[in-house]
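Let's take it one question at a time.

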Amino acid sequence: MPPGEASIHQPVNSPDEWLALCRRYRGDAQSLRDVSRPDGAWMAAGFAIECCLKAAIMKKERLNRWPDRDSDPELWTHDLRVLFKRLGVDPLTFDPRNPIAPALKMCLEWRREHGYSIGKVPQKLAKDICEAAFESNGVIEWLAGLYRLNI
C-alpha cells in the first residue's frame with residue numbers, strides 16, 4: 001500500500017471500537033429484518049453479539065488492546081460458545097431458570113457458516129434472533145449490564 005493511504009482493514013483495539021461495530025451490526029440486522037431480508041438479519045445479529053462479547057472480554061480481562069492471533073488464538077473466533085465460555089458463561093451448565101436463558105439459547109443457534117447459505121433463514125428466525133439479541137431482556141443488554149458496556 002502506498003504511504004499515506006489508509007487500509008480498509010484497521011484492527012479493533014478497544015471495547016469502544018467493538019461496541020461501535022456491535023451498534024452498526026445491530027442497525028444492519030434490524031433494517032434487514034424490517035425489509036424481509038432474513039438471511040442478512042440473521043448474520044448481522046450474530047456479528048453484533050460477537051462484537052459485544054469481544055468488548056465484554058476486553059473489559060473483564062482488562063486488555064488494553066486486542067491480542068494478536070498468535071498470542072491468544074482462542075479470541076480469534078466467530079464461535080459464540082467459545083466467547084461466552086471465555087466470560088465464564090458455559091451454555092451447557094447455564095441455569096435454564098435464569099431469565100436470560102431463552103435469549104441465550106436462541107443466540108447460540110447462530111453460526112458464522114450460516115452466511116454461506118442462501119435463502120435458508122425463515123423470517124421468524126431472523127425476528128427471533130433480533131429479539132433475543134437486542135430487546136431489553138436480550139443478550140446484548142444483559143452483557144452491557146454485567147460489564148458496564150455503553151451500548
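Q: How many residues does helix α2 have, and what does its reach from first C-alpha to last come to?
A: This is a predicted model, where local features need pLDDT of at least 70, side-chain atom pairs count only at pLDDT 80 or more, and totals for chains, interfaces and linings use all residues. Residues are numbered from 1 along each chain as its sequence is written, and side-chain values use heavy atoms, with hydrogens and water left out. Helices are DSSP runs of H or I with at least four residues, numbered from the N terminus. Helix α2 covers residues 38–61, and its span is close to the 34 Å expected at 1.5 Å a residue (that is 1.5 Å times one less than the number of residues), so we get 24 residues and a reach of 34 Å.

Q: How many residues of α2 are buried?
A: Buried means under 20% relative accessible area, exposed over 50%, and partly exposed in between, with a 1.4 Å probe and protein chains only. By that rule α2 is mostly covered, and the count out of its 24 residues is 20.

Q: Is Thr77 buried or exposed?
A: Thr77 also sits in the loop between α2 and α3 (80–86). Leaving aside neighbours within four places in sequence, Thr77 is in contact (heavy atoms within 4.5 Å) with Glu50, Lys54, Val82 and Leu83. Its relative accessible area is 18%, so Thr77 is buried.

Q: What distance separates the backbone nitrogen of Asp79 from a polar atom of the side chain of Thr77?
A: Stay with Thr77, in the loop between α2 and α3. From a polar atom of its side chain to the backbone nitrogen of Asp79, the distance is 2.9 Å.

Q: Is Lys124 buried or exposed?
A: Lys124 belongs to helix α5 (residues 123–134). Its relative accessible area is 56%, so Lys124 is exposed.

Q: How far apart in space are Lys124 and Gln10?
A: In sequence, Lys124 and Gln10 are 114 residues apart. Going C-alpha to C-alpha through space, they are 35 Å apart.

Q: Where is Arg148, and what is its phi near?
A: Arg148 lies in the segment after α6 (139–147). With a relative accessible area of 74%, Arg148 is exposed. Its phi is positive although the residue is other than glycine, and the value is near 50°.

Note on methods
Helix = DSSP H or I, 4+ residues; strand = E, 2+ residues; numbered from the N terminus. Polar contact = N/O pair within 3.5 Å; in protein donor to acceptor, adjacent residues only side chain to side chain.
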